[in-house]
Amino acid sequence: MCPGLYLPFLFVSSFHWGYKKFNADTKKFVSHINKESVNAANLILVPIIESSHWTLLVGNLKNKVWDFYDSLPKKTHRAILPEVISHLYEETTTSFATDIRRWRIRRIKQVPTQKNSVDCGMYVCKYMEAVIQPEAVVWADVKDWEDNMAKFRAEFAYAILSTTIK
């Protein structure tokens with residue numbers, strides 16, 4: 001990562017929510033979240049997989065608000081958010097200066113949406129890529145994701161395959 005290239009963010013693995021459904025230990029997925037990391041970050045990214053659909057929950061740590069991104073907007077996708085946030089809070093309670101369960105949840109409108117039933121994971125990746133940029137995204141100007149999905153998949157695969165894990 002290049003310092004200053006992206007807004008500072010924390011990432012919560014989708015396994016945190018996924019393992020909860022199986023009553024498995026999930027603390028290992030949030031062990032990096034503490035007071036220091038929260039104070040150093042602007043955002044907390046929480047990708048969610050529920051009923052074979054990916055969505056993204058983004059906590060704005062400075063404004064104390066949750067932003068919800070859904071490429072197939074439905075109320076049922078949003079319905080689990082309080083439970084996801086509560087589970088995160090239960091395992092990171094001492095890390096936050098305020099109760100993150102009380103933050104307002106906003107559904108972000110005008111984001112690119114999918115026309116099929118298979119691209120939600122790539123949309124979540126693209127949402128994350130967009131929200132960590134230092135300049136605010138003008139979602140109304142972002143219209144070509146569906147047409148460029150094959151290119152995005154290739155770029156994503158290349159980035160994974162050309163990265164060295166240390």
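This is a predicted model: local features need pLDDT of at least 70, side-chain atom pairs count only at pLDDT 80 or more; totals for chains, interfaces and linings use all residues.
Three elements, β1 (9-11), α5 (120-131) and α6 (149-161), each contribute at least two residues to the lining of the largest pocket. By class, 13 lining residues of the largest pocket are nonpolar, two are polar and three are charged.

The second largest pocket holds about 320 Å³ of space. It is lined by 20 residues. Of these, L43, N60, D67, Y69 and V131 are the closest to its centre. Two or more lining residues of the second largest pocket come from each of β3 (53-60), β4 (65-69) and α5. The largest share belongs to β4, which supplies three residues. The lining of the second largest pocket divides into 12 nonpolar, four polar and four charged residues.

The fold was examined next. The protein chain contains six helices and five strands. Along the sequence, these elements follow the pattern β-α-α-β-β-β-α-α-β-α-α. The radius of gyration of the chain is 16 Å, close to the 15 Å given by the globule rule for 166 residues, so the chain is as compact as a globular protein of that length. The C-alpha atoms fill a box of roughly 45 × 40 × 30 Å along the principal axes.

The five strands form an open sheet. Their order is β1-β2-β3-β4-β5, and the pairing is mixed. Strands β1 and β5 (104-107) lie at the edges, each pairing on one side only. On average, neighbouring strands of the sheet are turned by 25 degrees against each other, direction ignored. Strands of a sheet pair through backbone hydrogen bonds, in either a parallel or an antiparallel sense. Between β1 and β2 (residues 43-50), the pairing is parallel and spans three bridges. F9 has L43 of β2 as its bridge partner. L43 is also one of the residues closest to the centre of the second largest pocket.

Helix α4 (residues 81-92) lies across β2, β3, β4 and β5. Its direction runs at about 125 degrees to β2. Helix α5 packs on the sheet and touches β1, β2, β3 and β4. The direction of α5 makes about 20 degrees with that of β3.

Key:
Residues are numbered from 1 along each chain as its sequence is written. Side-chain values use heavy atoms; hydrogens and water are left out. Helices (H or I, at least four residues) and strands (E, at least two) are DSSP runs, numbered from the N terminus. Ala, Val, Leu, Ile, Met, Phe, Trp, Tyr, Cys and Pro count as nonpolar, Asp, Glu, Lys and Arg as charged, and the others, Gly among them, as polar. On a 1 Å grid over the protein atoms alone, a cavity is a set of points where a 1.4 Å probe fits but cannot get out, and a pocket is an open set with protein on both sides within 12 Å along at least five of seven lines; lining residues have an atom within 4 Å of a point. Grid points are joined across faces, edges and corners, and a volume is the space filled by probe spheres set on the points. Two strands pair if DSSP finds at least two bridges between them. Axes are lines fitted to C-alpha atoms, for helices over the stretch in contact, and angles run from 0 to 180 degrees between N-to-C directions. Contact means heavy atoms within 4.5 Å. The radius of gyration is taken over C-alpha atoms; the globule rule is 2.2 Å times the number of residues to the power 0.38.
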